[in-house]
Amino acid sequence: MQFEKSKKHTNKMEPASAPLGGFLHNLRELPRNFWAAVFRNGMPTSERARSKAVFGNFFLHIHPARVHCRVLKPTATLGLGVITAALFVILLVTGVLLMVYYKPSLADAYDSILDIHHVVPTGRIIRNLHRWTAHGMVVAVFLHMARAFYTSAYKPPREFNWLIGLFLLVLTLALSFTGYLLPWDQLAFWAITVGANIAQSPREITDVLGITQSFDVGGFQKAILLGAHTVGQEALIRFYVLHIMVLPIIMVVIMGVHFWRIRKDGGLARPRAADPPPVPGPPAGAKTYGLMALIRDTSPLVDRDLKNTIPAWPRLFYAELAVGTIITAMSIAISLWADAPLKEIANPEVPENPAKAPWYFLGLQEIVSYSAFMGGIGIPVIVLLGLALIPFLDREKEEVGVWFSGRRGRRVACRSLLLAAAFVPATLAFTIRYGWLRNWFPEIPQIVITFANPGTLFVAVFAVWSLFVLTRTRSTRLAAIALFTTFLVSFIILTYFATVHRGPNWGFYWSQASWPELHGE
Amino acid sequence: MIPPSGSSPAKKGRFEKPVKRRNFLGFAAVGSFLASWGAGIIGALRLPIPSVYPEANPRFRIGRPDRFPVGSVTRIPGRNVWIFRDERGFYAISAVCTHLGCIVDRGEDHFKCPCHGSVFDEGGKVLSGPAPSPLPWLEIGLDPSGELIVDTQVAVPPGSRYAV
Amino acid sequence: MNTPIQRPTGSAKPAAGDRRWELLLLISSLTAALLFGAAAFRENNLAPWIAYQRAYRSALFARATDERTRRAAASFEIRYYQVYLPGLGRIDRCPTCHLGAEDPLMKDRPEPLRTHPGNILAHHPSDRFGCTICHGGRGRATEAREAHGAEPGRPAPMRRGDMLQAACAQCHSDAELPGMPVYNLARALFAKKACLGCHSLRGAGGAQGPDLTAAAGKHGVKWHVRHFMDPQKAVPGSKMPNPGLTEEEARALACLMMSFTGENLSRDYLPVPGARKAGGQVELAADRLGADVPPGAAPGYVGSETCLVCHSGLHPEAVESWRNSKMAHAFEAVRDAPDRERCLPCHATGYNPATNQFAEPNVTCEACHGPGKDFVPAALDGKVAEHRDRALANVRDRNPCVRCHQPHVPKEKHEEAVRRAAPKLGTATAAIESTSKN
């Protein structure tokens, strides 16, 4: 059905001469008019109609009517943003479905998970999907952030969107963490117990300063989180409310802002070379983009030639749907292959050994094993602050949308990777072989270890390396690449190490197969 | 291919000219996308329909026959069933009003629903009120263990009895 | 920094005929549809319980002989079967696979269709007790691996073999249950070894050892057996005296430990008092006191074995020096004496002149500390200070040594001394016994 044709139908009036005042005619025309009211535009076949279809539709108008053709180039973004969004949609849908059966009470939570797994129709695959896509989303946001960093997509005018993205990263981790408790199994209970006590770890500092009595940030944080001294019913309901309502609502709103900013900041970051200089003479689409011309701002197309753009309809939608569907298919395949973990019901008397946090916090838990404050709060705050300040400390006007900003950047990134990949395992091996300060000086006060532990050592060494790169190259961008790469690589190594090589009593083991038997059958 | 931009008429042609070619691949792609997602969502919508209810088995034992003397009328605790025993045998009458599911009280020789005033006689027949059908007689029988067993989901014709 | 101009990356404008994304969408959609289909097929057809139910249905058909049984077989539905147990906070779906448990005609079928063995279901009807309260495991699960709880590295939640008798002890505190030898042995040992002297159970008992209320969740059967055979090997530095059990006894006690689940069972499920003797663990241990002592002995004596359960571990040197003393062997000299009854007040413990019976040979703990029933129940209740005070008070106040060890009597005049002391001794024993009665 064509745009013009359908318009005719909706506007057609019937003379009031018939006995029933046109009522019969309206009744006859009802199906057609009804259809035309819902699908107002028909299938858009011309480019103009396609543009209209995009900005006339609530769901599609999150896209610009025309996009730069580089958007569809897979290596430009690796599709990570779309993948993250698709995973989030799967999580929303499966999450709402799970809420039908999940009961957030100590007596019922674990049983309701067993019910979902065993007898609820489709429950098992829905729960598997929810669990695995949650892990997938954490991976995807990390990769998405790395992509944005390495292609300089944080540079003006995109600093603010970089900050929003950072906030979304924190939200993703918070959602994942709050969801971790809900099955109320041993894994959940002890991971959250460890996590909540990390929230209490500022006491490590306030105790030394002797101000815990009057200024107890740690105790305050833990009380807010758990509503009790230990993980129990209060904590469960708090985590539930955060997980199913507070955080998702914030997430959806902030994601909306994130997407909207992409348009406002001129689409995806791309190098200047992607667009030839504008053709001189009257702007080609003067009428079409008239509204944009009124705004004195960076807008998608005002200074660009239309030649390098394509209508978002249909190819961008094909691409997005395809990426989303591939991710969904992969998630289903994983969910068919592996069941979401569920251990014994939570037993507050018998800790899991080792009690490990969710995997994305295990890198921090490795540092937490020296200082709860540094690992749980100090270093994460340093890292987040560092990430937040990158766009403001690196203001070099240079190409955006180019991976590693070219050959020099690639070289710095490689060297940083080698440095972190050598230094972090070496330090870990050293601590396993020779121990750390407390093994040498048993009387040492904790405050010394708080500030001198492998975690702070990494931060210091990587900061020095980054400064070295800065003085050698006089490029803040290269220094940023050096710092970001070392942190990313050490995060991955620490996470791997704590996941695979840490066993009972946080001892070192080559693999889980060599863990000693703790509970005889 | 998109022609190069030029004067106004050419432009109009460029943006308004319908794309003639029929896009079978596109239709197939979107069609299969909608079909697979439709199937997935319809499948997932089975989730709220429980495959097994978290409630007591509607088929339950009530004890050995000698617990119920001839002429007795017994309400089974926790179950909305009246058990009768007369000279001809056992029968069970549901205590759930057929109107809107309230639990009927038993008077001298009739059942009365407190919610909307339906009245049933001794055998469950409607005497007055909005109830559309009599109180059902439920299946009662003997279990291999020698206990009486009642099934609240199986109705039997009124007047039938289980003789021990 | 000046970055060299990159080679143009954006000029690769897709041709109008570029159909890659359409193709990708088509392929991925078809893949997704296939996977959705696979998920649906697996859920509706591949679950093992469905196969069991089909097998059960064919078994019903195979043995159907008349119209009624054939109709019954045809009306068998393939669905989840469960026992809903709100009083126990459980839903047991075991009958989803174990379909013939209550069908006496299925007794020759292989598991899971087999009839439940024994007649326990007669007094523990399945619709009231379900399955997991005895068998353990996860009642809500519908797959063997999950339901039977075979998770590696953890205590197996399902009770198997003679360990099933642990289930009885969750509700029953009877000293003996018919047909439950492991339970009976465990109960007897639990009382005899006075476990509650040091350990507590649901608030009763001592505080020297770890609480036993939720012992089943902490360790598995194998660990408990190892621990009972040699406490210090399982827990280095443990203060627990080696109870000196055989492997069979250790297994029985381990079985009892597995009944201490810490679960708050509904009052509705406890045995109705009156039908059997009611009473908790503490009473039971106290009731057993002196059960191994001959009934005709002086009242109140419990025997040194009871004392040594704890004291051999608490101060082994003292016990050892007693064992090596003449007191521990005093009976040997008079075993075959013609007028033994004259010797027994001093050469045995708990001698009763009226019946000529004694509690045990030799001079043991109670010879000096007085009859155990006076102060041992306090220890069984965990009141260690009271136990100690009363046991020592008996020694301090009554000066029991001079009862037998008379000063200034040389060894060769022993015969004469005994003759002279005999009437006095009778009164001394009577005095101690009279004080111990209250």
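**Close-up views of a predicted model**

At 23% relative accessibility, Cys368(C) counts as partly exposed. Partly exposed lies between buried, under 20% relative accessible area, and exposed, over 50% (1.4 Å probe, protein chains only). This is a predicted model: local features need pLDDT of at least 70 and side-chain atom pairs count only at pLDDT 80 or more, while totals for chains, interfaces and linings use all residues; side-chain values use heavy atoms, with hydrogens and water left out. Residues are numbered from 1 along each chain as its sequence is written, and chains are lettered from A and ligands numbered from 1 in the order in which they are written.

View 1. A disulfide here is a pair of cysteine sulfur atoms within 2.5 Å.

**View 2. Cys346(C) and Cys404(C) form a disulfide.** The S to S distance is 2.1 Å. The torsion about the S-S bond is about -100°, so the link is left-handed. Cys346(C) lies in helix 17 (residues 340-347) of chain C and Cys404(C) in helix 21 (residues 401-404) of chain C, so parts 58 residues apart in sequence are tied together. Helices (H or I, at least four residues) and strands (E, at least two) are DSSP runs, numbered from the N terminus. Cys404(C) is partly exposed at 29% relative accessibility.

**View 3. Cys102(B) and Cys115(B) form a disulfide.** The sulfurs are 1.9 Å apart. This link is left-handed, with -95° about the S-S bond. Cys102(B) is buried at 19% relative accessible area. Cys115(B) is partly exposed at 37%.

**View 4. Strand 9 and strand 10 of chain B form a hairpin.** Five residues lie between the strands. Gly146(B), in the turn, has a positive phi of about 95°. Strand 9 and strand 10 (residues 148-156) of chain B pair in the antiparallel sense over six bridges; pairing requires at least two DSSP bridges. Trp137(B) stands opposite Val156(B) in strand 10.

**View 5. Phe484(A) sits in the largest nonpolar core.** Such a core is a set of buried Ala, Val, Leu, Ile, Met, Phe, Trp, Tyr and Cys residues joined through side-chain atoms within 4.5 Å. This one has 56 residues. Helix 7 (residues 123-150) of chain A gives the most, with eight. Beyond its neighbours within four places in sequence, Phe484(A) is in contact (heavy atoms within 4.5 Å) with residues including Met145(A), Phe149(A) and Leu387(A).
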